[in-house]
Amino acid sequence: MNERRDATTGTAEPMAGGGRMDPATEAFLAHRNLLFTVAYEMLGSAADAEDALQETWLRWMKVDVEQVHDQRAYLVRIATRRSLDRLRTMKRRKEAYVGPWLPEPLLTTPDVAEDVELAESVSMALMLVLETLSPTERAVFVLREVFDVGYEEIAAAVGKTPATVRQIAHRARKHVDARRPREVVSPRQARAAVESFQRALETRDLQGLLDVLAPDVVLVSDGGGVKQAAPRPIIGADKVAHMIVGGLAKAQVALTSEPTVVNGNPALLLRVDGEIDGVIAVRVEDARITGLYYVRNPQKLTRIASETPLTLK
């Protein structure tokens with residue numbers, strides 16, 4: 001049986017009459033994973049990224065694709081504009097958000113972890129740094145530094161001149177470099193740190209936690225007002241370790257953890273009394289954990305049951 005694919009979801013459906021898929025749909029599907037990755041890195045929300053893709057698809061359907069010289073570049077331009085529009089409206093939502101806001105974690109395919117550049121670009125640590133940029137700065141940084149898009153094409157996407165885009169790119173790169181992890185550790189080093197943290201967590205070993213946490217570690221928890229979470233980031237190994245051990249003792253729950261890969265990096269899926277409670281992503285430097293990002297908001301845990309394909313190409 002012949003099939004066609006729903007362009008916005010990528011799911012296969014039977015094609016009526018054995019007909020051939022139209023060129024516009026073929027082009028969109030060929031670049032769908034790339035477009036989702038662009039939108040997600042700009043928005044930090046899979047749900048909003050999917051909405052941006054839906055809007056990109058609707059706009060693409062109005063284009064005479066035969067007249068488009070570079071379909072990939074044209075689609076990226078549309079997705080960027082739709083994401084920029086959403087990013088500006090999301091700012092108001094985040095201002096009203098209860099407690100710290102963390103990006104929506106994605107269960108990713110093995111190839112994402114193997115691609116060091118891609119894994120770093122979608123890591124929780126870098127995604128949080130991108131949150132400190134203005135919408136235009138974020139779009140320029142993502143397109144230039146992550147996807148290596150040319151300045152003229154970026155200018156067309158964000159509505160600026162190429163000269164202005166160069167200035168924005170320089171400013172955004174300097175801002176991000178001052179805040180991003182000092183080193184990119186190997187997947188093996190990251191897994192080792194996560195395994196040590198997991199053992200200490202499950203045994204409620206205070207000294208074990210202190211051994212794996214960097215002195216200046218930061219714990220950020222996101223409950224979205226639905227689940228309990230610290231209202232502000234907690235800084236310092238001693239404070240973080242005591243909060244974890246003390247919190248578990250007070251709650252008197254059965255905590256289990258399962259290694260997983262979130263946003264291309266090692267993480268832990270936590271269950272309390274057998275029910276999924278959240279995901280902890282980590283930032284590792286010099287073999288110790290410098291950042292813990294605990295997402296508990298149920299609305300942000302819909303993408304941890306099935307893998308989300310991401311790509312830079």
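The protein contains 13 helices and 8 strands, where helices (H or I, at least four residues) and strands (E, at least two) are DSSP runs numbered from the N terminus. Its radius of gyration, which is taken over C-alpha atoms, is 21 Å, close to the 20 Å that the globule rule gives for 313 residues, so the protein is as compact as a globular protein of that length; the rule itself is 2.2 Å times the number of residues to the power 0.38. The structure is a predicted model, in which local features need pLDDT of at least 70 and side-chain atom pairs count only at pLDDT 80 or more, while totals for chains, interfaces and linings use all residues. Residues are numbered from 1 along each chain as its sequence is written, and side-chain values use heavy atoms, with hydrogens and water left out.

Along its principal axes, the C-alpha trace of the protein spans about 65 × 50 × 40 Å. Of the 313 residues, 50% are buried, a term that stands for under 20% relative accessible area, with exposed meaning over 50% and partly exposed in between (1.4 Å probe, protein chains only). Among contacts (heavy atoms within 4.5 Å) between residues at least 6 apart in sequence, 64% join residues at least 24 apart.

Helix 9, which runs over residues 151-158, has Y151, I154, A155, A157 and V158 among its buried residues. These residues cover an arc of only 165 degrees around the axis, which puts them on the same side of helix 9, the arc being that of the directions from the helix axis to the C-beta atoms. In general, an α-helix has 3.6 residues a turn, so residues three or four places apart point the same way. The buried residues of helix 9 pack against helix 4 (71-95), helix 8 (135-146) and helix 10 (162-177). The phi of D148 is near 55 degrees, a positive value in a residue other than glycine, and D148 is exposed, with a relative accessible area of 59%. Just after helix 9, G159 takes a positive phi of about 75 degrees. A positive phi, of about 70 degrees, is also found at A287, although A287 is not a glycine; A287 lies in the loop between strand 7 and strand 8.

L87, in helix 4, counts as buried at 7% relative accessibility, and, when residues up to four places away in sequence are not counted, L87 touches M42, L43, P135 and R138. L87 and G44 are 43 residues apart in sequence and 9.4 Å apart in space, C-alpha to C-alpha. A30, by contrast, is found in helix 1 (residues 23-30) and counts as exposed at 60% relative accessibility. Between A30 and R72 there are 8.9 Å in space, C-alpha to C-alpha, for a separation of 42 residues in sequence.

Grid points are joined across faces, edges and corners, and a volume is the space filled by probe spheres set on the points. The largest pocket has a volume of about 660 Å³ and is lined by 22 residues, of which M243, G247, L248, Y294 and R296 lie nearest its centre. Two or more lining residues come from each of helix 11 (187-203), strand 3 (213-222), helix 13 (237-251), strand 6 (265-272), strand 7 (275-285) and strand 8 (288-295), with helix 13 giving the largest share, 6 residues. By class, this lining has 16 nonpolar, 3 polar and 3 charged residues, where Ala, Val, Leu, Ile, Met, Phe, Trp, Tyr, Cys and Pro count as nonpolar, Asp, Glu, Lys and Arg as charged, and the others, Gly among them, as polar.

The second largest pocket holds about 390 Å³ of space, and of the 22 residues that line this pocket, V184, V185, A190, N265 and P266 are the closest to its centre. Helix 6 (116-121), helix 11, strand 6 and strand 7 each give two or more residues to the lining of the second largest pocket, which comprises 13 nonpolar, 4 polar and 5 charged residues. The whole structure has 1 cavity of 30 Å³ or more, and about 30 Å³ of space lies in the largest cavity. Its lining is formed by S123, M124, V262, N263, N265, A281 and V282, of which 4 are nonpolar, 3 polar and none charged.

Technical notes:
On a 1 Å grid over the protein atoms alone, a cavity is a set of points where a 1.4 Å probe fits but cannot get out, and a pocket is an open set with protein on both sides within 12 Å along at least five of seven lines; lining residues have an atom within 4 Å of a point.
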